[in-house]
Amino acid sequence: MEGGGDSFGSSTAPLAWHDFLERMRQPSAAEFVKSIKSFIVTFSNRAPDPEKDSAAVQEFLENMEGAFRAHTPWAGSSEEELESAGEGLEKYVMTKLFNRVFASVPEDVKSDEELFEKMSLLQQFIRPENLDIKPEYQNETSWLLAQKELQKINMYKAPRDKLACVLNCCKVINNLLLNASVVSNENPPGADEFLPVLIYVTIKANPPQLHSNLLYIQRYRRQTRLVSEAQYFFTNILSAESFIWNIDGESLSMNELDFQRKMDSARERLLGLSADSENQDNQANLDAQDRKSENLKANRNSDARLSMKDHVQGSGQDMRRDSDVTVDGKPVERVQSISDIEKKGAAELLNDDELNKKFQEYPFLFARAGDLTIADVESLLNSYKQLVLRYVALAQGMGVSPETTLAQSSQPPSDLVGSEEPENVNDNEKSEGISKTSDDVISENDRPEALDIKTSEKMTQKTAVDPNDDLEALKDEAPCQPENA
Amino acid sequence: MGCSSSVPARSTGGLNTINSDASSATDSKELRAKLVLLGDSGVGKSCIVLRFVRGQFDPTSKVTVGASFLSQTLALEDSTIVKFEIWDTAGQERYAALAPLYYRGAAAAIVVYDITSPESFSKAQYWVKELQKHGSPGIVMVLVGNKADLHENRSVSLQDAKEYAEKNNMFFIETSAKTADNINQLFEEIAKRLPRPTES
Ligand SMILES: Nc1nc2c(ncn2[C@@H]2O[C@H](COP(=O)(O)OP(=O)(O)OP(=O)(O)O)[C@@H](O)[C@H]2O)c(=O)[nH]1
Ligand SMILES: [Mg+2]
């Protein structure tokens, strides 16, 4: 049966990127190198035309894969090696062509901006209930893990790597749903459970240029490798995008007027927040990403100024489900300290008839060491991670640094206003968390993947390979070097 | 809720199911078939799939996976191996407009209604029309009346459904995901109807 970790085929399998480059450097590969370079030159000199561009790349990849099969240094290789060579080729070619084809036409750029704006508005008021996510499957804190996977999509240039971000996001959601279904004794979660969560996570993650990213995967991921489960989950995110485009009051089970009002006040709040940031003209090519992160950096001053207000509201919505924080930007009452809340909660728990039910989610709470088996390690570790995440997120939402909460639990939240931690602020509440500098990438990657050891290994491998370095080898004659531009 | 867990019926007619991962992808007779299920919410689509996929497995197996994408392999008598890739679709009304994204390129579509619900039968007819308009040409369409175990509350007659299916060139079968009646037969029939790749 499929559906588990390793069924995404070569989309998430380790890529023998070094091996590919190694072989490409062999004299016997000279003809291949020549064809690839000539394709890239010819292609780069033509005006963008997404339909034609996609067809040309697909055809070229197909032909080259056929040629690999028949000639040294790949002739006689196993299917697996050939597959891996095809992956390497795709990554190489698309890394070279990225700036030329990604968001290369004005319509796509415009769609990116519109979709981004729509999601930034929606994310301020949408609730899981609006999408039919049943209470037993609601787990906003853990969904942050899935959001992080999706937000990595702009860190990569190769279609395969971008697709892997989508698939990892889906995998995290699936794992969480599965855990929840076991806890609540439900059938294995199906599309009824999965799609709404994916939509919710996508809106909350709101990675910049999502539309272009999805089109790019669709156009340039080799079609023979976008099949089966990978294709299913990719279709789900396409369908999430389509749903989001069409969201209106009705599709969220809201009165249309109410919906418009919520959108308007969300827009007002957003405008207030980004008053002095000129909206970057997202022209597609080159360092859209870099420029974005620069703009965002520039905006951080204004963000920091507003971070207190934004902080309480933003994370209040995310983390404190039953809080009375309003979505309409009305002033929020002063945040209590964590220990105050803890005391209050403990007192309430003691009077709670449903106490046992509340702890069902934490099956190890009353276990003794002797009860545990090796098989429990994984789920114990999972539970631990969820718990830490919730705690840290809660602490963050309260405006208290997690490390210090134990020692001095009543740190006034106003300290945060001056603190220099924009990344953390962003992480929990804003899609701008995507704007990591490349230095952050590695450490960034260390956390969420830990949820799934296998993914972690793969992703580490993936990120450890910096295309820039490897491409140096063939750079001399390389006609275009987007990396250096 | 939950699909009943009575003993699954074994396949009949000399057809054998085999473990999906054991089959070699390079076998020229392996056929990969994308299959979607459409129908009103609550008619039993998810249960049918779970019954089909799970029924083939060792009931002591502890492996549970998500049920949104499942695959199951069937070996036919002519030694063709069909690997079904079953795409679940969200059934809530607000997601109905997304269905075309899912059934695009499908080799087969199972349109399900509940024999105790005339509304679900009307909805099934809506899906048939949709598929005729927007489905891939040559898509194998099957009409399934599910919850046959509830025949005492039947409100869609066997005759009506049969006639409708015939008119629309569909295979028709009544099933029960609860008792596992006709579930394997359903998938075997689809497997037999799939166009075979031309020998090369
Ligand atoms: N008696 C009986 N009940 C069934 C049968 N199949 C499904 N059910 C029940 O019908 C209900 C709905 O089944 P699902 O499989 O979730 O229906 P669905 O078509 O997937 O619904 P959506 O996902 O909402 O579109 C569940 O409570 C099942 O237990 C059947 O053959 N007989
Ligand atoms: Mg279902």
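# Close-up views of a predicted two-chain model

**View 1. Chain B as a whole.** Of the 200 residues in chain B, 53% are buried, where buried means under 20% relative accessible area, exposed means over 50% and partly exposed lies in between (1.4 Å probe, protein chains only). This is a predicted model, in which local features need pLDDT of at least 70 and side-chain atom pairs count only at pLDDT 80 or more, while totals for chains, interfaces and linings use all residues. Residues are numbered from 1 along each chain as its sequence is written, chains are lettered from A and ligands numbered from 1 in the order in which they are written, and side-chain values use heavy atoms, with hydrogens and water left out. Chain B contains 5 helices and 7 strands, which follow one another from the N terminus as β-β-α-β-β-α-β-α-β-α-β-α; helices (H or I, at least four residues) and strands (E, at least two) are DSSP runs numbered from the N terminus. Among the contacts in chain B with a separation of 6 or more, 76% are between residues 24 or more positions apart, a contact being heavy atoms within 4.5 Å.

**View 2. Chain A as a whole.** The secondary structure of chain A consists of 21 helices and 0 strands. Buried residues account for 53% of the 485 residues in chain A. Where contacts in chain A link residues at least 6 apart in sequence, 78% of them join residues at least 24 apart.

**View 3. The interface between chain B and chain A.** Here 34 residues of chain B are in contact with 37 residues of chain A. The two chains bury about 3000 Å² between them, 56% of it on carbon and sulfur atoms; buried area is the accessible area (1.4 Å probe) that two parts lose on being put together, summed over both. Between chain B and chain A there are 13 residue pairs in polar contact, both residues being at pLDDT 80 or more. A polar contact is a pair of N or O atoms within 3.5 Å; within protein, one must be able to donate a hydrogen and the other to accept it, and residues adjacent in sequence count only if both atoms are side-chain atoms. On the side of chain B that touches chain A, helix 1 (45-55), strand 3 (69-75), strand 4 (81-87) and helix 2 (99-103) of chain B each supply at least two residues. That side of chain B has 15 nonpolar, 11 polar and 8 charged residues, with Ala, Val, Leu, Ile, Met, Phe, Trp, Tyr, Cys and Pro counted as nonpolar, Asp, Glu, Lys and Arg as charged, and the others, Gly among them, as polar.

**View 4. The salt bridge between the chains.** The count between chain B and chain A is 1 salt bridge, and it joins the side chains of Arg94(B) and Asp132(A) at 2.8 Å, N to O. A salt bridge is a side-chain nitrogen of Lys or Arg within 4 Å of a carboxyl oxygen of Asp or Glu, and by this rule the count over all chains is 38.

**View 5. Glu87(A) with Arg225(A).** The side chains of Glu87(A) and Arg225(A) form a salt bridge of 3.5 Å, N to O. Because Glu87(A) lies in helix 4 (residues 79-101) of chain A and Arg225(A) in the loop between helix 9 (210-220) and helix 10 of chain A, the pair ties together parts that are 138 residues apart in sequence. Both Glu87(A) and Arg225(A) are buried.

**View 6. Glu174(B) with Arg154(B).** In this salt bridge of chain B, the closest N and O atoms of Glu174(B) and Arg154(B) are 2.8 Å apart. Glu174(B) lies in strand 7 (residues 171-174) of chain B and Arg154(B) in the loop between strand 6 (140-146) and helix 4 (158-167) of chain B, so the pair ties together parts that are 20 residues apart in sequence. Glu174(B) counts as buried at 13% relative accessibility, whereas Arg154(B) is partly exposed, at 31% relative accessible area.

**View 7. The surroundings of Met254(A).** Met254(A) sits in the loop between helix 10 (228-245) and helix 11 (256-273) of chain A and is buried, with a relative accessible area of 15%. Leaving aside residues up to four places away in sequence, Met254(A) touches Phe125(A), Asn130(A), Gly249(A), Phe259(A) and Lys262(A). The C-alpha atoms of Met254(A) and Asn130(A) are 7.8 Å apart, although 124 residues separate the two along the chain.
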